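This report describes selected features of one protein model. Please examine the sequence and the structure before reading on.

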Amino acid sequence: MQQSPIIILGIESSCDDTSAAILKDGKILANIIANQDVHEAYGGVVPELASRAHQQNIIPVVDKAIKQAGITKDDIDAIAFTNGPGLMGSLLVGSSFSKAFALAMDIPLVEVNHMHGHVLAHFIDEENTPKPSFPFLCLTVSGGHTQIVKITDYFKMEVLGETIDDAAGEAFDKVAKMLSLPYPGGPVLDKLAQLGNPNKFTFTHPKVPDLNYSFSGLKTSVLYFLKKEIKTNPNFIEENLNDICASVQKTIVDILLIELKKAIKQTDIQQIAIAGGVSANSELRKRLASFSKDYQIYIPKMEYCTDNAAMIAISGYYKYLEQDFTVQGIAPNARMKI
Ligand code: KG4
Ligand code: ZN
């Protein structure tokens, strides 16, 4: 007898993107993301404004996902949502909606760790996209995280190294802000960097033990470097913008890859993935793709790099298969660990 397909509604609202996705047996039927322009004027995410915007976006985004997937709400077998880490007010909107939906539709509720979601995005069924097998290493790089993670099963993840201060995405965003680039700075800096000379300026690397990272020193050294140059040439930034972006981007990617290579050596694991918003970075993708042919490299499709509900739906699917459901009393955990 043929089994009926499993349909999961995924909800992501941990930061400033409201997203809903519909997944049918591992394949994405819809992945709708509403970005929040309201933060642009402030040069960063304002938590209170983010939760208000989630409130406005959540129902239209879910409605659009259901329509685009060509299903009805009665076809949904379970709802999976991000329960942390993230901004508490933002998480509350997604979790409250999901609890109410599960209760009203009498379907299971599945909680998902946002960082698991980034990693498990690699298991979305896509044509011509091979999935990693266990064990593999994943460099998870986002606005809030920079970690080297060893994955031995869908939900068995061990952090081998991580940043002791700023995340890589934060470094991109903060340097972009110093250069007066619009928010969010990472993707803008990446675009300009592609037109510049990455070897024009050099910045020192941090000295951090083990497989850990640090990016706060880089931020400070870029700041002092700019201040010094502007003293002698007030137009220094305008005249050298592309080269500054390319040089900073190269430094961040160099730092990321040095530790990753050490982790590969230490673990002897040769399946390597990247995940999270910074995995959209062109330099990181290019450099990783040119890694030794001895390694198998997994680079997510662009739409699954930055925050999205497809990654939450696929994580929910694997939990659904294990009947790993949660309860109505569950509360979001803003500081949830991987
Ligand atoms: O995973 P994500 O969407 O949200 C978090 O969970 O934090 O990551 C957002 C981060 C931001 O810091 C953003 O500037 C950065 O990812 N980012 C990039 C690029 N695209 C997004 N950084 C560098 N180059 C990019 N192309
Ligand atoms: Zn994220």
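## Terms and basis

A residue is called buried if its relative accessible area is under 20%, exposed if it is over 50%, and partly exposed in between, as found with a 1.4 Å probe on protein chains only. Helices (H or I, at least four residues) and strands (E, at least two) are DSSP runs, numbered from the N terminus.

This is a predicted model, in which local features need pLDDT of at least 70 and side-chain atom pairs count only at pLDDT 80 or more, while totals for chains, interfaces and linings use all residues. Residues are numbered from 1 along each chain as its sequence is written, chains are lettered from A and ligands numbered from 1 in the order in which they are written, and side-chain values use heavy atoms, with hydrogens and water left out.

## Helix α5

Helix α5 spans residues 185–193, and its buried residues are G185, G186, L189, D190 and A193. Viewed down the axis of α5, these residues fall within an arc of 135 degrees, so they line one face of the helix; the arc is that of the directions from the helix axis to the C-beta atoms. An α-helix has 3.6 residues a turn, so residues three or four places apart point the same way.

P187 and K191, on the other side of α5, are exposed. The cover over the buried residues of α5 includes α4 (168–178), α7 (236–267) and α8 (282–289), where contact means heavy atoms within 4.5 Å.

## The open sheet

Five strands form an open sheet with mixed pairing, in the order β3-β2-β1-β4-β5; two strands pair if DSSP finds at least two bridges between them. Because β3 (27–35) and β5 (109–113) stand at the edges with a single partner strand each, one side of each is left without a neighbour in the sheet.

Strands β1 (residues 7–12) and β2 (residues 17–24) run antiparallel and are joined by 6 bridges. The bridge partner of I8 in β2 is L23.

## The zinc ion

H114 (NE2), H118 (NE2) and D307 (OD) coordinate the zinc ion (ligand 2) at 2.0 to 2.1 Å. Donors are N, O and S atoms within 2.8 Å of the metal (3.2 Å for Na, K and Ca); water is not among the atoms, so sites may look incomplete.

H118 lies in helix α3 (residues 114–120) and D307 in the loop between β10 (296–298) and α9 (310–321), so the pair ties together parts that are 189 residues apart in sequence. H118 is buried, with a relative accessible area of 1%, and D307 counts as buried at 15%.
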